[in-house]
Number of protein chains: 2
Amino acid sequence: MMKNKVVVLLSGGMDSVTVLYHSLKEYDVIGALSFNYGSKHAHQELEYAKYHCDKVGIKHTVIKLDFVQQLFKSSLLIDGGEIPEGHYAAENMKSTVVPFRNGIMLSIACGFAESQGANAVAIAAHSGDHAIYPDCRTNFMEAMRAAMQLGTYEKIDLLAPFVDIDKTEIVRIGAKLNVDYSQTWSCYKGLELHCGKCGTCVERKEAFELAGVPDPTKYQ
Amino acid sequence: MMKNKVVVLLSGGMDSVTVLYHSLKEYDVIGALSFNYGSKHAHQELEYAKYHCDKVGIKHTVIKLDFVQQLFKSSLLIDGGEIPEGHYAAENMKSTVVPFRNGIMLSIACGFAESQGANAVAIAAHSGDHAIYPDCRTNFMEAMRAAMQLGTYEKIDLLAPFVDIDKTEIVRIGAKLNVDYSQTWSCYKGLELHCGKCGTCVERKEAFELAGVPDPTKYQ
C-alpha cells in the first residue's frame with residue numbers, strides 16, 4: 001500500500017513535535033507547516049519547530065496570520081490580556097481559546113497540502129484539550145475531516161493520531177521515539193523560561209510525572 | 001425569535017452581493033468580510049464589495065491572505081498562468097480552482113464571527129459552482145457547517161441560502177431586491193472591462209439572459 005503523503009501541523013510544542021516523529025515513522029512526510037498568529041509564545045515555539053525540521057531534514061513553512069491578532073479576541077495573543085494560572089482543563093483557561101484556530105489551521109493546511117501534492121494533514125490534538133477547546137474534540141475532527149475530503153479533488157485526509165489519548169500517553173510514545181523534549185515549548189506566557197504556573201506548564205509537568213519520563217524543562 | 005447575527009462573505013461578485021441584500025432583509029448583518037488572496041480580479045471585486053457596504057452602512061473588513069499567492073497553485077492567481085475561456089462548468093475551468101478556498105474563507109469567517117459576537121456566516125455558493133468546485137457543493141457545506149458548530153462555543157452556523165439554486169435564480173432574487181448589478185464584478189481576467197469570454201463572464205451573461213433581466217455589464 002502507498003504511504004500517505006503528509007503535511008504535519010507543527011507548533012513546536014510537545015504534542016506536535018511528537019506527531020512529527022510519529023509521522024516520519026508511519027507516513028511519507030512532505031513538509032511541516034507552522035503558523036504565526038501573534039501568540040505571546042510564538043517566537044519560542046517557532047524556533048523549536050524549525051529546529052526539528054532541520055534535524056530530520058524536511059521542509060518547514062511558516063504562514064503568518066496577521067488578521068488573528070488584529071481581529072480576534074484571546075488572552076493567548078499579544079495585547080490579549082493576562083494568561084491565567086491554574087490547571088489546563090479549568091474553566092478560567094477559556095480566555096486562552098483562539099476562536100476556531102484549529103479549523104483555520106487545518107483549512108489552510110488542507111489547501112496547502114493539495115497544492116503541494118500531499119494527500120493528508122496530521123494534527124496533534126489530544127484528549128486533554130477536549131475540556132476547553134471545542135475545535136480539538138473528536139466530533140469536530142470528524143466533521144472537519146469530512147469537509148476536507150469533500151472539499152478537495154485529492155480528498156485530503158485529516159490524521160489526528162492522538163485525538164483519543166492524553167498528553168501522558170503522548171510523552172510515553174515520544175520517549176520511545178527518542179523525542180528530545182528539551183527542544184519543545186509549552187508556556188503560554190512566552191518569557192525566557194517556562195513559567196511553571198500557567199495551565200500549559202502545569203499540564204506539561206504533570207504529563208512527564210504521570211508518564212514516568214524525566215522532565216528536561218528548566219522552569220522559572 | 002431572535003434574528004441571526006450574521007457575517008456575510010462578500011467578494012463583490014453578483015452572487016455574494018445578492019447574498020448581502022438577501023441577508024439584510026432576513027438577518028441582523030453585523031458586517032461583511034472580504035478576502036484578498038491575490039486573484040487577478042481582486043482589485044475590481046474589492047472595490048465593489050466596499051461600494052455596497054458603504055451604500056447600506058455596514059462595516060467592511062478585508063483580510064489579506066498572502067500565503068495563497070505564495071504557496072498555492074491556481075490560474076486564478078496573479079502569476080498563476082492563463083485564465084481559460086469557455087463555459088464555466090467545463091473541464092478546462094478546473095485550473096481556476098484555488099484549493100479549499102471556501103474552507104479557508106469559512107474557517108476564518110467562523111473565528112471572526114465568534115470574536116465579533118455574531119452567530120452565523122453567510123456564503124453565496126450556488127449549484128452552478130458544483131461541477132468544478134468541490135468546496136461549493138451541498139455535502140461540503142453540510143460537513144463544514146457541522147465543523148463550525150462543533151468547533152466553537154457559540155455554535156456558529158453556516159448559512160448558504162443559494163446552495164441548491166443556480167445563478168439564474170440568484171439574478172431573479174437580486175432583481176426583486178433591486179440589486180444594482182452594474183456595481184458587481186465577475187471576470188476572472190481582471191482587465192478594465194469584463195472580457196465576455198472567460199467562464200465566469202459566459203456564466204454571467206447566461207444568467208441575465210435566462211432570468212430575463214437586462215444585463216447592465218459593459219463587455220470588451
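These legends describe close-up views of a predicted model.

**View 1. Two helices of chain B pack against each other.** Helix α1 of chain B covers residues 14-26, and helix α6 of chain B covers residues 167-176. Their axes lie 10 Å apart, at an angle of about 45°. α1(B) and α6(B) are therefore oblique to each other. Their crossing is left-handed.

**View 2. Residues of α1(B) meet residues of α6(B).** On α1(B), look for B:M14, B:D15, B:T18, B:Y21 and B:H22. They meet B:K167, B:I170, B:I173 and B:G174 in α6(B). By class, this contact has four nonpolar, three polar and two charged residues.

**View 3. Chain A touches chain B.** Here, 33 residues of chain A are in contact with 33 residues of chain B. Which elements of chain A give two or more residues to this side? They are β3 (60-64), α3 (66-71), α4 (101-115) and α5 (138-150). The largest share, 11 residues, comes from α4(A). By class, the side of chain A that touches chain B has 19 nonpolar, nine polar and five charged residues.

**View 4. A rotation axis relates chain A and chain B.** Which residue of chain A comes closest to the rotation axis? That residue is A:A143, with its C-alpha at 2.8 Å.

**View 5. The copies meet through the same surface.** Of the interface residues of chain A, 100% are also interface residues in chain B, which is why the surface is the same on both copies.

Definitions and conventions: Residues are numbered from 1 along each chain as its sequence is written. Chains are lettered from A and ligands numbered from 1 in the order in which they are written. This is a predicted model: local features need pLDDT of at least 70, side-chain atom pairs count only at pLDDT 80 or more; totals for chains, interfaces and linings use all residues. Axes are lines fitted to C-alpha atoms, for helices over the stretch in contact, and angles run from 0 to 180 degrees between N-to-C directions. Helices (H or I, at least four residues) and strands (E, at least two) are DSSP runs, numbered from the N terminus. Angles under 35 degrees count as roughly parallel, over 145 as roughly antiparallel, 65 to 115 as roughly perpendicular and the rest as oblique. A crossing is left-handed if the near helix is turned anticlockwise from the far one by less than a right angle, and right-handed if clockwise. Two residues are in contact if their C-beta atoms, placed from the backbone, lie within 7 Å. Ala, Val, Leu, Ile, Met, Phe, Trp, Tyr, Cys and Pro count as nonpolar, Asp, Glu, Lys and Arg as charged, and the others, Gly among them, as polar. Copies are superposed by least squares on the C-alpha atoms of residues with pLDDT of at least 70 in both.
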